[in-house]
Amino acid sequence: MKTGIFIISAPSGSGKTTLVGRLLQELDGLHFSVSYTTRPPRGQEQNGKEYFFVTREEFQEMVRQQGLLEWAEVFGNYYGTARRFLDEALEGKKDLLLDIDVRGAVQVKKKIQEAVSIFILPPSRKELEWRLRHRSQDSEEVIRKRLQDAAQEIQGYHQYDYILINDQLERSAEQLQAIVLTERWRLQKESQAQPEPKALESMRALAESCLKERVQTRVQPILATFGG
Ligand code: ADP
Ligand code: 5GP
């Protein structure tokens, strides 16, 4: 069995945490990679759960020791994926889910061509602002900053295989699951010739509706709401 590598990126407030939470609940065999970061914990975050919180020196040592599959400086802090998460996924025959930024995604794709990348987009800037406000997690200043950063991050959408426009939550959750299941099947098929199960047909159609080439015309008006 081949290990699938799934990369998910999104501007803050798009619904990534919600969708990834649903995916991990609904599908077995997915291993979530807990990143290393130099930013301090927020709210209820626990070391080893959301992130491994380390000092800049510890992080730089990991870079020197080549312990990171990828890393990037995001908003003034370092973030990176430990190579051992990939090794553990390979050994445990599990698929690996990476929640990383655009630059990290590009590095992983360069090293692992068959990695599958998914970019989650909000339906518009207005909706993103509404979600950030209603999440009631950030100050006004932080919300402004997140909206500014979002305008920049979404420019990188074209480097992804799939674009998931998170409008209706239920549909988006189904689409994300369909992408993972379809890609899993594609990987298995490469190692064993099997006919495609009937149930996979509709799943594949749902996944393919999110392929970048298929959503291009829907993405442009969204970018326009961000001034892009
Ligand atoms: P992220 O992890 O991308 O920062 P969250 O998962 O925290 O985003 O979602 C931001 C807010 O938007 C949360 O309050 C969440 O419940 C809400 N949300 C997520 N997806 C949708 C959706 N499709 N429609 C409406 N609200 C959503
Ligand atoms: P936050 O501090 O809000 O949790 O995350 C900020 C950004 O860092 C998000 O875009 C998130 O995807 C990204 N990020 C988290 N972990 C990693 C990682 O290991 N590598 C890279 N490149 N980005 C990461």
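The following legends describe close-up views of a predicted model.

**Figure 1. The largest nonpolar core.** This view shows the largest nonpolar core of the predicted model, which has 39 residues. Within this core, Ile-5, Val-108, Phe-119, Leu-121 and Ile-163 touch the most other members. Helix α9, spanning residues 212–225, gives the most to this core, with 4 residues. In soluble globular proteins, nonpolar side chains tend to be buried together.

Figure 2. Another core, of 22 residues, lies apart from the largest one. Its residues include Leu-30, Ile-120, Val-180 and Ala-207.

**Figure 3. The surroundings of ligand 1.** Ligand 1 is surrounded by 14 residues. The closest are Gly-13, Lys-16, Thr-17, Thr-18 and Arg-135. The elements that give two or more residues to the shell around ligand 1 are α1 (16–26) and α5 (125–135). Helix α1 provides the largest share of this shell, 3 residues. By class, the shell around ligand 1 has 2 nonpolar, 8 polar and 4 charged residues.

Figure 4. Asn-166 is placed in the loop between β9 (162–165) and α7 (169–191). Is Asn-166 buried or exposed? Asn-166 counts as buried because its relative accessible area is 2%, where the cut-off for buried is under 20%. The side chain of Asn-166 reaches the backbone oxygen of Ser-14 at 2.7 Å. When neighbours within four places in sequence are left aside, Asn-166 is in contact with Ser-14, Gly-15, Leu-19, Ile-120, Leu-121, Pro-123, Arg-131 and Ser-172. Among these contacts, Leu-121 belongs to the largest nonpolar core, whereas Ile-120 belongs to the core of 22 residues.

**Figure 5. The surroundings of ligand 2.** Which residues are the closest to ligand 2? They are Ser-35, Arg-39, Tyr-51, Glu-70 and Tyr-79, within a shell of 15 residues. A polar side-chain atom of Tyr-79 lies 2.5 Å from an oxygen atom of ligand 2. For Asp-99, the corresponding distance to an oxygen atom of ligand 2 is 2.9 Å, and for Thr-81 it is 3.4 Å. Taken alone, ligand 2 exposes 520 Å², of which the protein buries 91%. Strands β5 (68–74) and β6 (77–82) are the elements that give two or more residues to the shell around ligand 2. By class, this shell has 5 nonpolar, 4 polar and 6 charged residues.

**Figure 6. Two loop residues with positive phi.** Phe-75 is found in the loop between β5 and β6. Its phi is positive, at about 50°, although Phe-75 is not a glycine. Phe-75 counts as exposed because its relative accessibility is 51%, and the cut-off for exposed is over 50%. Lys-93 is placed in the loop between α3 (83–91) and β7 (95–99). The phi of Lys-93 is near 55°, a positive value in a residue other than glycine. At 49% relative accessibility, Lys-93 counts as partly exposed.

Figure 7. Glu-141 lies in helix α6, residues 140–153. Glu-141 is exposed, with a relative accessible area of 66%. From C-alpha to C-alpha, Glu-141 and Trp-185 are 44 Å apart in space, and they are 44 residues apart in sequence. Gly-48 lies in the loop between β3 (35–37) and β4 (51–53). With 30% relative accessibility, Gly-48 counts as partly exposed. The C-alpha atoms of Gly-48 and Leu-27 are separated by 22 Å, and the two residues are 21 residues apart along the chain.

Definitions and conventions
Residues are numbered from 1 along each chain as its sequence is written. Chains are lettered from A and ligands numbered from 1 in the order in which they are written. This is a predicted model: local features need pLDDT of at least 70, side-chain atom pairs count only at pLDDT 80 or more; totals for chains, interfaces and linings use all residues. Side-chain values use heavy atoms; hydrogens and water are left out. A nonpolar core is a set of buried Ala, Val, Leu, Ile, Met, Phe, Trp, Tyr and Cys residues joined through side-chain atoms within 4.5 Å. Buried means under 20% relative accessible area, exposed over 50%, partly exposed in between (1.4 Å probe, protein chains only). A residue is near a molecule or strand if one of its heavy atoms lies within 4 Å of it. Ala, Val, Leu, Ile, Met, Phe, Trp, Tyr, Cys and Pro count as nonpolar, Asp, Glu, Lys and Arg as charged, and the others, Gly among them, as polar. A polar contact is a pair of N or O atoms within 3.5 Å; within protein, one must be able to donate a hydrogen and the other to accept it, and residues adjacent in sequence count only if both atoms are side-chain atoms. Contact means heavy atoms within 4.5 Å. Accessible areas come from the Shrake-Rupley method with a 1.4 Å probe; for residues, only the protein chains shown count as cover.
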